[in-house]
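Welcome, and thanks for taking a look at this one. Please have the sequence and the 3D view open side by side as you read the briefing below.

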Amino acid sequence: MSPATAPAGPDLTPAPFDRAAGHALLADLAGPGAAATLGGLDALAPGFPDWIVTSLFGGTYQRPGLALRDRQIANLAALTALGGVEPQLADHVRYSRRIGLTEAEITEVMVHLAPYVGLPKALAGLRVATATFAESTESTESTESAEATKAAESAAGTVTEEAGA
């Protein structure tokens, strides 16, 4: 019997481990790029991404008691306090934005941490958040610019077609 199917014990509540729910939540949080990231990690450490998805996103995140928004605030605080995990903190800033936290709310989490984790770690968290916000702004501006270019080209094509008619 595998540990996942073994009885939890006479006085223990079974923990949820839902691989499908984990993949669905990760896709909601991280978007379509999550699969590529997991594939690259699996090439390096086979099975490790499945463990992350199943135990974390399909386990811990599935527990009752905290809304996803609250879990993300806790993640931002924990990763900032930990320090040295900038890529993961940046991911969770992105995830937090995807589920509706504002830049002001994320910034306030970092500011609120200063007396608890120290000014240097709070400032480092703010630097990661600021850089991540800038990526998002650049991406939005790039998308808007591409859409404007397409619209202008389409309009120019329409004008050319009308002139030729």
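Predicted model: local features only at pLDDT ≥ 70, side-chain atom pairs only at ≥ 80, totals over all residues.

Which residues in H5 meet which residues in H6?

**Overall make-up**
- The chain has 165 residues, and 25% of them are buried.
- The accessible surface of the chain is about 10400 Å², with 62% of that belonging to carbon and sulfur atoms.

**Contacts along the chain**
- Take the contacts between residues at least 6 apart in sequence: 64% of these join residues at least 24 apart.

**The H5 and H6 pair**
- Helix H5 covers residues 86–98 and helix H6 covers residues 103–117.
- Their axes come within 10 Å and cross at roughly 140°.
- Angles over 145 degrees would count as roughly antiparallel, so H5 and H6 are oblique to each other.
- The crossing in which H5 passes H6 is right-handed.
- Back to our question: on the H5 side the residues are Leu89, Val93, Ser96 and Arg97, and they meet Glu103, Ile106 and Met110 of H6.
- Sorted by class, this contact of H5 with H6 brings together four nonpolar, one polar and two charged residues.

Methods:
Residues numbered from 1 in each chain as written. Heavy atoms only, no water. Buried < 20%, exposed > 50% of the residue type's maximum accessible area, 1.4 Å probe, protein only. Contact = heavy atoms within 4.5 Å. Areas by Shrake-Rupley, 256 points an atom, 1.4 Å probe, with all protein chains shown as cover. Axes fitted to C-alpha atoms, helices over the stretch in contact; angles between N-to-C directions. Helix = DSSP H or I, 4+ residues; strand = E, 2+ residues; numbered from the N terminus. Parallel < 35°, antiparallel > 145°, perpendicular 65-115°, else oblique. Left-handed = near helix turned anticlockwise from the far one by under 90°. Nonpolar A, V, L, I, M, F, W, Y, C, P; charged D, E, K, R; others polar.
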